[in-house]
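Subject: Structure for your review

Dear colleague,

Please find below the structure that I am handing over to you. I would be grateful if you could read the notes under it with the structure open.

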Amino acid sequence: MKLTKTLGLALAATLLAGCSLQEEPYGFPSTTNFYKTEADANAALIYAYAILPEIEYYSRNFILVTELPTENITLKPDAGASNFEFDRLAVRPDNPELTTAWRYAYIGINRANAVIENVPGIAAMSETTRNQLVGEAYILRALHYFNLVRLFGAAPMPVKPVTSLDQVSAPKATIQQMYALMESDLRKAIDLTDATRRDGRANKVTAWGLLAKVYLNQASGKATGSPGYEFVTDANALYEQAKTYGGYVLTNTSGYGLDPDLKAIYDVTKKSGPEHLLDAAVDRSGLSEGNYSKLPLMFIPYIDGATFKLADSTRVISGFNHFVTEPALYNSFNAADKRKTDLIPNKAYIGRREVTLGINDYSRPFTRKYLDPGQVGQQTSANTPILRYSDVLLTYAEACGPTADGYAAINRIRTRAGIPALTPGLSITAFRDAVVQERAWELAFEGHRLFDLRRTHKMESVLVQQYGKTIQGDPYFFPIPTRETDLNPNL
């Protein structure tokens, strides 16, 4: 099933759009005349997936709130003040992008809860299909809670669909309870789903990879003394769990693997490439933003408003120049690193004119991870990666530590990037620090760096001491939005 081609089915199924948890219940389908057939179950699941590529989630806002606080990107000078709050790590509770991040995670949770609650009762479908759909909903719910806990820490944890206003004043769950639910959901998903690849959808391999990350977050949080992870009793046991489930991804036989061609990972004509465990799927033929993506335009510089080409003749239409590459990231790469030379172009060609993009200029080198040479107007088919094979490979390396397996895993990434193998004989702390740095290069601009710095207790040592940024407020958890605390007395 082509997810991006079937979103209309969900909309046609009279599924209600959701708004803020405190204003009205999140999007949920009425159960009176729905959840009767397999088609209803599929429509409900598609509706649950449809939240991912929304502009308010992975097609813009999620990247904004996770990348701007780091050394990866800054903003053009005339960007909005609320954006600059993230760039300067001075996020106020009334920040609109912060409110959106909270709100859309809960919309996604409610849609997943609706599938989990109602699809098991549909008798007119095979058990295998029913299990698959419910298992995917468990993966989506775990993903949303994983985002929430890493952004905000303790938060309400509804596990049933919110269908009336008297359900919205839920108290916070603890961080420990939230992680326990994620683990439970992903283990259920592993039992219910298969490893078959379906465009834009999750499966057993996705669940393995996400569960490995859930365990690594807790293990590293405890091992480094990061705030919020005091509940963890045995970091080493959780590192072992991360290694186990990451290992399942690495040894699977379902066509996943490390793509030898870095550019191919982000080629919009190769969305079924071996690296893609889960993406927020879009298509430029969609009718509205969220069906297609404008995220590439946020990164692409504005060069005379022209269509230009890169050195490999890739066609690029001038963008908004909104997200601007930081010198701190750009200058940290090895000069030979293909993740810099191939994926962060610093030359543009307008006809025969060569334009150099200096790292301190207004129009700077920019990521080509979000490019669509077939872009129509402002509409692109550039998916946002959510979980990639290389992410899991580095999760596995970090969990293994400086063992033969750990070195082999990180060196697969470095070999592809064209840089030397990691220094042998490192201590466990030095090795894991090296993996976190490798993740910074490998996963740049994909929404991971903030979470890596938070879980390893490096916000101050990296962003402040190394790169000179300032932090106002809690470095490790954003404040719960004012809109939510005003309307929910239990927050």
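Predicted model: local features only at pLDDT ≥ 70, side-chain atom pairs only at ≥ 80, totals over all residues.

Cavities

A search of the whole structure finds six cavities of 30 Å³ or more. The largest cavity holds about 150 Å³ of space. Its lining consists of 18 residues, and Tyr58, Leu143, Arg150, Ile386 and His448 lie nearest the centre. At least two lining residues come from each of α6 (127-152), α8 (204-224) and β8 (384-388), with α6 giving the most, namely five. By class, this lining has eleven nonpolar, four polar and three charged residues.

The second largest cavity has a volume of about 110 Å³. Of the 15 residues that line the second largest cavity, Ile265, Tyr266, His276, Asp279 and Asn383 lie nearest its centre. The elements giving two or more residues to this lining are β2 (276-280) and β8. Its residues divide into seven nonpolar, four polar and four charged.

Helix pair

Helix α9 (residues 235-250) and helix α14 (residues 389-400) have axes that come within 8 Å and cross at roughly 145 degrees. The crossing of α9 and α14 is left-handed. On the α9 side, the contact is made by Tyr239, Ala242, Lys243, Gly246, Gly247, Val249 and Leu250, and on the α14 side by Tyr389, Val392, Leu393, Tyr396, Glu398, Ala399 and Cys400. Ten of the contact residues are nonpolar, two polar and two charged.

With kind regards

Key
Residues numbered from 1 in each chain as written. Heavy atoms only, no water. Axes fitted to C-alpha atoms, helices over the stretch in contact; angles between N-to-C directions. Helix = DSSP H or I, 4+ residues; strand = E, 2+ residues; numbered from the N terminus. Left-handed = near helix turned anticlockwise from the far one by under 90°. Contact = heavy atoms within 4.5 Å. Nonpolar A, V, L, I, M, F, W, Y, C, P; charged D, E, K, R; others polar. 1 Å grid on protein atoms, 1.4 Å probe; cavity = no way out; pocket = protein on both sides within 12 Å on 5 of 7 lines; lining within 4 Å. Points joined across faces, edges and corners; volume = space filled by probe spheres on them.
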